[in-house]
Amino acid sequence: MAAWVFATPALAADKPKLVVMFNIDQGRSDYPLPRPDGYGEPPRSGGAYRAFFTEGIVYRNTSYGHSVTTTEPGHMTLVTGGNPDTHGIPRNQWLNRETGEFVNDIYDSRYWILGNTKKTRSQRPGTAPTALLENTGTLGDRLIQSTGGKAKVFSIGMGDWPTIPVAGGEGNAIWYDATSGEFVSSDYFYAKLPSWVENWNKPKPVKRFLEKHLPRDPHTGHWVWELMYDKDFYRNSSRNGPNSIFVKPPCYPSQTNCQYSLDATFNHYLPNKNPQDMEVTNYLMLYTPFADAILGEFAAELVKQEKLGQDDSTDLLMINLASQDWIGHMWGPDSLEHEDNFYRLDATLGGIMTALSTVPKEDLLIVLAADHGVFSIPGYANGRGQSAGQLLTRKVVHRVNSSLLDTYGIGNLAIGIRVPSLYLDVEKILKNRLDVNDVARSAVNTVRNIEGVRYAWTKQDLIDAQPVPADEVKYAALMRKAVDQNPTDRSGEVLIVQKENWYFYEDPNDAAMHGSPYDNDRRVQLMFWGGPLKPGQVERRVHPRDIVPTIAKILGIDPPKASTGEPLQEILHHYGIAHE
Ligand SMILES: [Zn+2]
């Protein structure tokens with residue numbers, strides 16, 4: 001396949017009638033996996049990646065322009081075209097300065113789940129995208145506003161976040177609730193759950209899906225997740241054994257009080273004898289490729305029921321596929337589980353693309369993007385001879401608190417960490433007539449001396465662009481983009497960068513991790529397919545924030561307020577839109 005070259009300008013193409021975004025959680029840039037049969041070859045499942053590679057435009061050098069490579073900031077970049085400095089979501093949680101407690105990005109006690117759930121309001125108070133909307137709308141919001149409400153915009157996923165904020169203020173979010181095993185929404189989005197969703201939930205969708213697609217173990221009757229291909233086919237085939245390092249099986253209901261878990265190695269079993277078993281399976285299924293697969297079937301039903309792409313107003317469907325992230329965290333990206341999931345993801349995406357064939361290809365634009373990458377389990381990287389390690393956030397907070405106690409004679413000045421932010425108790429600092437940035441600088445000195453930490457700066461010094469040594473310039477710039485610089489001011493007083501291959505663990509039960517400003521986490525997949533696009537590969541460096549302004553340009557609408565990306569000229573070219 002030829003590398004991208006500029007040909008003569010294309011004739012103006014029609015706007016797409018349907019734009020679909022596959023948001024692949026943990027979609028590191030080096031998948032499709034390098035395999036014995038050739039790097040970059042589409043997998044033989046013959047699913048979506050083959051289509052992207054042979055008919056679409058593949059960006060080979062896509063890298064996040066901020067240093068907080070975690071799910072929520074990434075997804076918000078994918079739908080607003082900005083980094084956290086403008087979209088204002090620095091993590092999925094941040095400190096509420098008034099209550100001193102960490103709040104979730106979908107916290108809004110005015111709204112609640114619509115549909116069947118066993119969650120309580122105290123567990124998750126509210127389900128609305130209002131935290132994002134304090135700073136910006138999304139591409140979907142712009143689309144709905146520009147069509148006088150005619151455009152249909154949906155965000156679907158296997159959990160409430162990030163599905164909810166991805167929908168924006170004016171779109172609709174529908175997601176899987178693992179406590180009930182059904183698809184639900186919020187009374188922010190709907191007065192009543194659409195009747196087709198209610199019908200989808202009858203009979204129980206998980207049972208229906210697994211019964212149809214999974215074999216049963218002949219002795220126990222449990223559903224079996226077995227390898228899709230012969231074991232020899234797998235690049236990671238030698239890495240699945242009883243002494244494997246990948247022994248962090250997900251467990252129900254929690255890691256510490258394990259009633260039932262998936263096994264450390266293949267095969268994996270999902271129980272189904274009674275309602276209690278099904279409760280377990282509704283949850284454990286998230287750690288299997290079948291979470292994405294059931295979402296794929298739901299997406300196909302949505303396209304049909306909501307008649308997406310069938311009229312002249314462009315519709316937008318965002319599908320948040322997260323199996324890869326759940327599996328990557330638990331077994332690591334080098335595991336057989338991860339590789340098997342990748343082939344099954346390819347087939348799931350291929351199935352969605354088949355369902356989308358009700359819309360002619362020239363009227364369809366599909367974008368495949370990702371929120372962040374991932375790094376190996378540190379112990380596995382050590383075995384490979386790499387220096388790698390875990391930083392437990394509660395230990396870092398403890399170190400900072402003892403050092404600040406020594407310096408100022410005041411205890412507990414640090415409240416907690418939501419990577420990369422360390423939050424200080426600003427109220428307490430001011431009450432003691434201390435300067436917040438002075439205390440933060442003192443914390444920076446302590447943090448910089450912790451093993452595994454590379455840099456730290458105060459938020460104030462970053463925002464003021466205080467000079468830093470030459471080797472810190474690149475990472476300080478990436479961190480500045482990761483700091484919420486809106487009046488919402490959600491970032492902590494100290495921002496931390498770990499050493500390469502070192503990872504912060506807020507939950508010590510996770511095996512592999514992401515979140516760093518290094519290539520494993522920042523470099524992600526980006527591919528386009530459909531409409532007038534002709535196949536090509538692009539080697540120049542682009543950013544995920546460029547997607548939204550590109551689509552906005554194709555649709556002839558303004559990008560959202562937070563957007564700072566540059567439209568991708570290789571895509572616009574085929575639509576006959578001149579690059580300014
Ligand atoms: Zn993620």
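**Figure 1. Thr-62 and its surroundings.** Setting aside neighbours up to four places away in sequence, Thr-62 makes contact with Ser-29, Arg-523, Val-524, Leu-526, Val-542, His-543 and Pro-544 (a contact means C-beta atoms, placed from the backbone, within 7 Å of each other). This is a predicted model, in which local features need pLDDT of at least 70 and side-chain atom pairs count only at pLDDT 80 or more, while totals for chains, interfaces and linings use all residues. Residue numbers start from 1 along each chain as its sequence is written. Thr-62 sits in strand β2 (helices, H or I of at least four residues, and strands, E of at least two, are DSSP runs numbered from the N terminus). Why does Thr-62 count as buried? Because 25 other C-beta atoms lie within 10 Å of Thr-62 (buried takes 20 or more such atoms, exposed 12 or fewer, and partly exposed falls in between, with C-beta atoms placed from the backbone).

**Figure 2. Strand β2 and its two partners.** Five of the seven residues of β2 are buried, so the strand is largely enclosed by the rest of the structure. On one side, β2 (residues 57-63) runs antiparallel to β21 (residues 523-530), and five bridges join them. Look for Thr-62 bridged to Val-524 of β21, and for Tyr-59 bridged to Leu-526 of β21. With β22, β2 runs parallel, through three bridges; Val-58 has Gln-537 of β22 as its bridge partner. Strands count as paired if DSSP finds at least two bridges between them.

**Figure 3. The ten-stranded sheet.** Stepping back, β2 belongs to an open sheet with mixed pairing, in the order β5-β8-β7-β6-β13-β1-β14-β21-β2-β22. Which strands form the edges? They are β5 (113-114) and β22 (536-538), each of which pairs on one side only.

**Figure 4. Ile-319 in the largest nonpolar core.** The largest nonpolar core takes in 155 residues, and Ile-319 and Ala-443 have the most contacts inside it (such a core is a set of buried Ala, Val, Leu, Ile, Met, Phe, Trp, Tyr and Cys residues joined through C-beta atoms within 7 Å). Helix α10 (residues 290-305) supplies the largest share of this core, with nine residues. Beyond four places in sequence, the contacts of Ile-319 are Val-20, Met-21, Phe-22, Asn-23, Ile-156, Leu-295, Ala-299 and Ile-352.

**Figure 5. Helix α11 under cover.** Helix α11 (residues 323-331) is mostly covered, with nine of its nine residues buried. Among them are Trp-326, His-329 and Trp-331. What lies over these buried residues? The cover includes β1 (18-24), α2 (71-80), α10, β13 (315-321) and α12 (336-355). Just past the helix, Gly-332 adopts a positive phi of about 90 degrees.

**Figure 6. Leu-227 in its loop.** Leu-227 belongs to the loop between β9 (223-225) and β10 (251-253). Leu-227 is only partly exposed because 17 other C-beta atoms lie within 10 Å. Not counting residues up to four places away, Leu-227 touches Phe-266 and Asp-340. Arg-344 is 117 residues from Leu-227 in sequence, yet their C-alpha atoms are 9.7 Å apart.

**Figure 7. The whole chain, for orientation.** The chain splits into domain 1 (18-195 + 289-377 + 518-542 + 553-574), domain 2 (206-279) and domain 3 (389-500), with bounds from an automatic or database domain assignment. Domains 1 and 2 have C-alpha centres 26 Å apart. Altogether there are 21 helices and 22 strands. The C-alpha trace spans about 70 × 65 × 50 Å along its principal axes, and buried residues account for 53% of the 580 residues.

Figure 8. Mean pLDDT for the chain is 90, and 91% of residues reach 70 or more (pLDDT is the predictor's confidence in each residue, from 0 to 100). Residues 36-45 stay under 50, and the model gives them 16 contacts beyond four places in sequence. Residues 241-245 also stay under 50, with nine such contacts. Where pLDDT is low, the predicted coordinates should not be read in detail.

Key. Two residues are in contact if their C-beta atoms, placed from the backbone, lie within 7 Å.
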